[in-house]
Each structure stands twice: as C-alpha cells, then as structure tokens.
Amino acid sequence: MTFFIQQGYGKGSKIADVAEGGNLGGVILSPGDEDPVKLGETVRMIRGLGLDARLDPQSYIYAPEPAGTANNHPAHGLDLNFSWHATPKQVTRAIRSVRRANEAIGVTDRWLTPTCWLASFENLWTPLSLSLAAAAADDWGGERTIVSVAVSEDAFADWRAVDVWLDAVTTLDVAGFYFAIDRKSSTYPPNPWNVDHLANILRVIYRLGELNGYEVAWGYSDVEGLIGLAAGASHAASGWHYSLRQFNRDKWVRKSGGGSAPTPRALVGRLWAPLKAADEVHYILEKPDLLSTFTRSERTLFEARPLSSFTLGEAQVQYMSTLARSARIIEELSDTGQRIATVLEKLGIADDRYEAIQDSGIVLDPRYRSRLRSLRQALEQLVASEKIPLV
Amino acid sequence: MALELDDASVTAAFPEYVIQGGKLGNAGFKAVYRVHTVGGTELALKIVREPIQNDESGEGSPDLLRFAREVEAMTSVSHPHIISINDAPGQRQIGVASHWWYTERFCERGTLADLLAAGGGGETVARQLLEEMLDALDHLSSVHEMVHRDIKPDNIGIGALGEMILLDLGILVDLRLERITNTYAPSPLSIPWAAPEQITAIRANGIDTRTDLFQLGVVAFQTLTGTHPFYEGLTSVSDPIRLIDAFDPSVMDGYTGDVGVRRLIARCLRTSQNARPRSPRAALAILNGGLS
C-alpha cells in the first residue's frame, strides 16, 4: 500500500480508523510529538495493524539557524545540532543517535537518515546532507537506509542544479529517499504550486523512482502526493492536521499559539480538494445535476446526517481515508505511463466538474481549481520533459 | 615526446617474435604490431612510443603513468570479455632509445570498427555487443571500481569465435586512485563517443560507470543502425550537448523489433548521468525486459 499517515500531535484512534479501510500502508512517525515509551507503544499498535512504521528524525529543524525546537527530541536523543562543517566524528554520532532512536522504539527495517534543511541544491549545507546519507549507508547498510531530503520548494526552480544533485545522489547505494518539501506559506487549503517547481519535483521523483529503481516517499504531500505516485513515487504521506499536509519548517521555529479551530473540510476525491463540509459540500449535494461530483461512499457519508454536525475528527479521518483509497487506485496501475495518463484524465474531468459547479451558480474557493490546474500542468510538463510515452 | 618507431628497429629488438607485416597502427600513445611466437601463438605487441627517460622527479609523464595504470589494470582484471596481458611489461632498447612494451591477446577478427566498416552490424550484433560489454563493464565497476571511459568501435576486439573483447585500458580511471589529469580539466576522451560529463568541465569529476554506459550506447546505436546517433554527416560540432539533448530514440524503431535493445540504448544515451541505468547490472535488466 502506498499511502502513509504523517503522524503529528493527538493521534487518538485516527491511525486505526484509517487502517480499517484497508488502503493504508504505514505511518511516518514524529519523535517530536511522543516520547520514546509512547512512540514505542504506537509502533506496536501500528505493527499490530500490519502496517509499516518509519521514524522521521526531524533533524532538519535544527540546521541551519534559526534552529527550531521539538518537545520530545531530547528524550529520543534526537536534539541533533550540526554545523555545515561538521566533522566525520560528528556525522557518525548523528547517524548512531538516529539508529539508537529507531531501535529504542522497535523500528528495525528501514531508517530515515538525519539531514539538514536545504534552501537550494547548491547550498553550503548540501555536502553535509550527502555526507550524512553516505555515512548512514555505510553504518546501517544500504538496504536499510532511506535518505531524508528536506528542501525548499524554491530549490526546484533551477533544474541544472537539481540535475547535478541527482547525479550525485544516484551514486548512493541506498534503498530510497524521503522528501519533505518546504512550502513558503502555511495557509490551508494550500496556494497552487509554481508549475515549474512542481514539474521539477515530479522529474526528481520520476528519475529516482522510475529510472533508478529507488523507493521514493513524499512526506507532507497532500493531494500533490497522488501525482507524485503517478510519476513514480512509492509512497505519499499526509496527516490529520493541516500542518501535516504541507511541510513548513517555520512551524518548528516560530510556534504559533492556537488560533481559531479549523473549519471541518471533506476531501472530495473527484475535485481533488478539501471543501468546507457545512457549506460547499452541502450546496453541491443540493443540486441533483451535480451529484456525480461525489463517489457513492462520499454520498453515503455526507447524506447520513446534517453536514453541520460533521466533526473535525471525522473530517480528518475522511481526508486520510480518501487519499489512501485514491493512492490505492493509482498503485494498481502498474505502468508509469498508464498511471500518468489515468491521473491526467481524472484531472481533466475534475476541471470540467468545476466548470459545471460554477455554471450552477455555486461559488467555491478559487484556489481549488487553480491548484488542480497547476497539478495538471506540472504533470504535462513532466511528460514532455522526460518524453514519457503515455498508455 | 612520442616518437615514430621504425619497423626494422622493432624487428631487431624482438627476436623472440615474428612480426607479421609492418606496424598495424597507433593505439593512443602506443604502437601496435601483430606478432607470433615460435610456437605459433598470435599476439598483439604494444610499445609505448615515448621513450623512457631518466626522470629524477620520479613522477613520469602522464602517458607513462597511464601506461602503468593500464598495465596494472590488465594484470589485475580477469574476464573473458576484457583484454588481458600476455607478457608482463618490460623495457627494451629499440633503436636509440629504451621503451616500455608488453603483449596481449590478438583479436583474430579485428575490431568492431572493421566489422562496421564492412557493413556487418545489425540487431543481432547489437544485442551481442550489449550483453558482452555489459558483462565486462559490470566486472570492471563492481569488482575493480574502474571506468574504461574510452569505449568506441576501435576499442572492441572480435576473437576467433566472434566473441567481443574490450580493448585498450589506456585511459581507464580507477576510482580508488587519484586522477592523472587535473580534476577540473576536461577528461581524456574520444569526442564522437564522449559522454556529456566528459565534455563539460564542471562535471568532469563525476565520471563513473554511467559514463561507460553512455559510450556503449553510442557504439550500440552505431552497430544497430550504421549511423552515429548525434553527429551523423557533421564535419564539426560546436554544441554537442544540444545535439545529445535532441536525440530522438524513435529513430531506432525501423531498425529492430527488440524492445530491450531499443529501450537500453535510449536510456544509455540520456544527457544526465542520473537518467541512465545506475549500473551495468541495471542496464542488463533493462535489456532483458526487467526494468523500464
């Protein structure tokens, strides 16, 4: 199964609830949100559900300055601090710390490397991130090593730099890569991606996953993770809170205090967007001509009771379950050309649905459609730049 | 400085061999002769054209260092599709100067260049070339961490049974050793077969087994189609990367129905190293339909 939950604070029964659908592959664990004892229990629970567990060491919050903080990192021994000129001894110490943190909670099969956050692929910090990856492969064994890459969205603006970085990382004898790609804004629903940046992210996924045979996981990836799967990713991860659906390093550095409770949103698979349940979903449901906007299971859920009573917890589980189901559908198409062609077709149909909704007089947040179009354009750019034959 | 050796001096210097005809030609910094022993074994006699000089620095010239590397490689590598040394290298007085020399197996059917010049390529030969050279490159890279970096039709010999043999380890790079050339200077190369990272100075330090796969892709394309994938009909090339980028793999469709051969050549000829197969083993998997 390709969809993973990105763990955050307050898991409750959400993991088990999503797993019930039978489409969940595993969980990316957050050591910042649970201490080792509790996280060990979580791992046992996850294993009991037949799912994979991977620990994101989250070391990208510390370097470069300003460093962030995470409550439980010291207890895991993961309060790792780097300088860009870290010595081999310091690199080894970091690798061993992550190894111990994994072993302490019972994660034994695949380990994510510590890394630093990169503003670009030609950054002062890039060599250190590569050293950490290579040292981990040496110490842990390549088949167990997943290289973490925490990087700004802007780094994908310069394909030449990305390409040179890819030349280097594809020499690593490792099992795969885990990406956390920093969006500049944390607003939700997210703003549309810069199409060129997103297309280059997809090219990286395609090159690593499809052409080089690595496992590629895209963390904090929301619905963008679905087009990542079409491009060759093995896993997409997203979580219950909005801050777990797009990566924003600032969240660790400048912790904001509370704010108002978010509005419950339902992910409408055929629109690729999280609509406000109480009004946007409700309005569409009231139009008989638009009922095909929803899948049968969505209609069953939405028509069961007034949407004004749809809770945040239910919305979170519905969001992850819908993503997991969509990921499963893509996963079942074995050939990348077929996956991309299918997803492009679905995006095109979704665009037509927005047209129909607009024609019916319902006004939706314009970000939904513009985001959808950015997904489609990025996927089309991927196909053109990599000359991928579509099936 | 490299000298042209005269045939009479060479004949006189090697009484243990019968030299057949004159010099066959020059292979890089070496002169090549076809010889046979008194027992009738045919060999290739290779002589470094640059004479040995008393070098007080002890560093030697790049050519002599390459010769040392080549000989070291040939003596350490043992593989049916890679040329091996017959007589260990020695010094011999030839005319007025002393030269390094050795002998290696002689390829009875010449080289792939000879075969292609006679119109002898095609899809069966292309597949055989890919299978045998990938086997050789897998051995070079995985066992010895070496990159040949000069794969071209002249450097692929053909033995008596039609088997292909990778020749001339003269500019081979051992990734475990320091480079002979300046790290930031363009690396030694044969332009028509050079990979982008050999042409572009910024990437010269990134030469690895994928460089060999690019070159093998060019040779395989030539073997399949009889034409060069990028430079056919051109007398000079000012922007090779642009021509490599513009390569359209569909031009192979009319030459073979062998999907594995087409796919592999297309992957090997990608400009970026990261878009080529990661290793000769991965390339073999593509050839045999295992990977895309």
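## Helix packing and contacts between chains and domains

In chain B, helix H6 (residues 209-225) and helix H8 (residues 259-268) have axes that come within 8 Å and cross at roughly 135°. Axes here are lines fitted to C-alpha atoms, for helices over the stretch in contact, with angles from 0 to 180 degrees between N-to-C directions. H6(B) and H8(B) are therefore oblique to each other; angles under 35 degrees count as roughly parallel, over 145 as roughly antiparallel, 65 to 115 as roughly perpendicular and the rest as oblique.

This is a predicted model, in which local features need pLDDT of at least 70 and side-chain atom pairs count only at pLDDT 80 or more, while totals for chains, interfaces and linings use all residues. Residues are numbered from 1 along each chain as its sequence is written, and chains are lettered from A and ligands numbered from 1 in the order in which they are written.

Helices (H or I, at least four residues) and strands (E, at least two) are DSSP runs, numbered from the N terminus. In chain A, H7(A) and helix H8 (residues 224-231) pack at an angle of about 40°, their axes being 8 Å apart. That angle makes H7(A) oblique to H8(A).

The contact of H7(A) with H8(A) comprises five nonpolar residues, one polar residue and no charged residues. Ala, Val, Leu, Ile, Met, Phe, Trp, Tyr, Cys and Pro count as nonpolar, Asp, Glu, Lys and Arg as charged, and the others, Gly among them, as polar.

The domain assignment of chain A gives domain 1 (3-253) and domain 2 (265-386), with bounds from an automatic or database assignment. Their centres, taken over C-alpha atoms, are separated by 26 Å. In this chain, 31 residues of domain 1 are in contact with 33 residues of domain 2. H7(A) supplies the largest share of the domain 1 side, seven residues. By class, that side has 21 nonpolar, five polar and five charged residues.

Between the chains, eleven residues of chain A are in contact with ten residues of chain B. Helix H6 (159-169) and helix H7 (195-211) of chain A are the elements that give two or more residues to the chain A side. That side has two nonpolar, five polar and four charged residues.

Methods:
Contact = placed C-beta atoms within 7 Å.
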